[in-house]
Amino acid sequence: MVTRPIVVVPPPITTNSANNPPQAVDSDSSPPSDTAVQEEENDDKEKSKQNIHNSGDYIVLEVLPHDTTSFTQGLTFMNGRLYEGTGYEGFSKLMELDTVSGEVIRSVPVDSKYFGEGIAGFVDETGRSCIIQLTYHALKGFIYDANTFEIIREFDFDTVTKEGWGITYDDVNQQFVVSDGSHFLYFWDRDTLKETRRVTVTWNKRNIPHINELEFLPDGNHEILANVFFHNVLVRIDLETGRITQIHNFTDLYQDRILKADVFNGVSITDKPNEFWVTGKYWPHLYRIKLL
């Protein structure tokens with residue numbers, strides 16, 4: 001494995017604090033209405049056309065419009081197609097997005113009793129391209145045919161927090177990597193969907209909770225990128241040790257946010273090395289970025 005220098009950037013990842021309580025996870029409240037912010041959204045989308053810039057941690061290569069009704073829980077890219085999973089009971093969906101226009105190509109709703117969570121693309125034991133999707137509190141998951149969006153399997157799972165958050169697929173070891181809002185990462189066998197092991201995510205010897213959306217990195221280093229709930233960062237995590245090896249700061253990615261915009265969440269590879277799609281919950285932008 002290639003050893004990478006640890007890059008420390010603000011804001012620091014912290015554990016519980018009175019000023020920034022991390023226990024406030026994905027809200028149970030209803031999604032806000034679009035009417036109060038429509039004019040602001042339109043202005044913001046116009047600004048995004050010129051929002052190409054260079055940060056010390058990344059370069060923005062492209063900005064596409066993103067559906068501001070989408071409470072983004074996960075992105076995944078497979079076979080040249082970009083997929084998005086969204087949340088809230090009655091509003092959760094699995095969608096395919098156009099990587100040229102940002103428009104929704106197709107969409108299928110999740111049963112209204114479920115709060116959709118993270119998604120990941122993978123190829124099953126028969127060679128079929130599939131999408132796996134978690135749910136928040138129900139401890140239920142779904143596997144879809146990626147080409148038809150037909151549900152081909154439902155399954156139950158369990159975690160320490162009794163929640164599902166993020167998921168990604170390690171195609172080298174044919175296993176899923178799963179988060180539950182705690183400091184754990186779980187490893188599930190692709191075929192049985194049973195836990196085989198878990199690691200604790202750490203930074204400077206401290207356990208780091210609220211690991212959220214995940215993306216496996218196909219660079220041979222057996223690492224993932226992860227969003228951390230409440231923080232505008234992507235962290236790089238060594239899957240053997242759970243140690244955070246690098247932090248990419250996205251504080252300046254989207255500063256003049258519309259009223260309804262929620263946290264930075266959603267990361268996926270693209271068809272080019274070291275380039276990624278990123279967005280946030282209810283954000284009007286989908287960004288293609290390159291990490292530095």
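Which residue in β5 is the bridge partner of Glu-96? Select Glu-96 and look across: the partner is Arg-106. Keep in mind as you go that this is a predicted model.

Strand β4 covers residues 93-97, and five bridges join it to β5, with the two running antiparallel. Now widen the selection to take in β2 and β3 as well. You're looking at an open sheet of four strands, ordered β2-β3-β4-β5, with antiparallel pairing. Colour β2 (72-78) and β5 (104-109) to pick out the edges: each has a single partner strand, so one side of each has no neighbour in the sheet. Turn the view and follow the twist, which averages 20° from one strand to the next.

**Stop two: a hairpin**

Next, select residues 184-189, which make up strand β12, and residues 195-200, which make up β13. These two also go antiparallel, paired over five bridges. Click on Trp-188 and you'll find its bridge partner in β13, Glu-195. Together β12 and β13 form a hairpin, with five residues between them. In that turn, stop at Leu-193, where phi is positive, about 60°.

**Stop three: Ile-247**

Last, go to strand β19, residues 244-249, and pick Ile-247. Is Ile-247 buried or exposed? Its relative accessibility is 3%, so it counts as buried, since the cut-off for buried is under 20%. Now show Trp-203 too: Ile-247 and Trp-203 are 44 residues apart in sequence, and their C-alpha atoms are 9.9 Å apart in space.

Key:
Residues numbered from 1 in each chain as written. Predicted model: local features only at pLDDT ≥ 70, side-chain atom pairs only at ≥ 80, totals over all residues. Heavy atoms only, no water. Buried < 20%, exposed > 50% of the residue type's maximum accessible area, 1.4 Å probe, protein only. Pairing = 2+ DSSP bridges. Axes fitted to C-alpha atoms, helices over the stretch in contact; angles between N-to-C directions.
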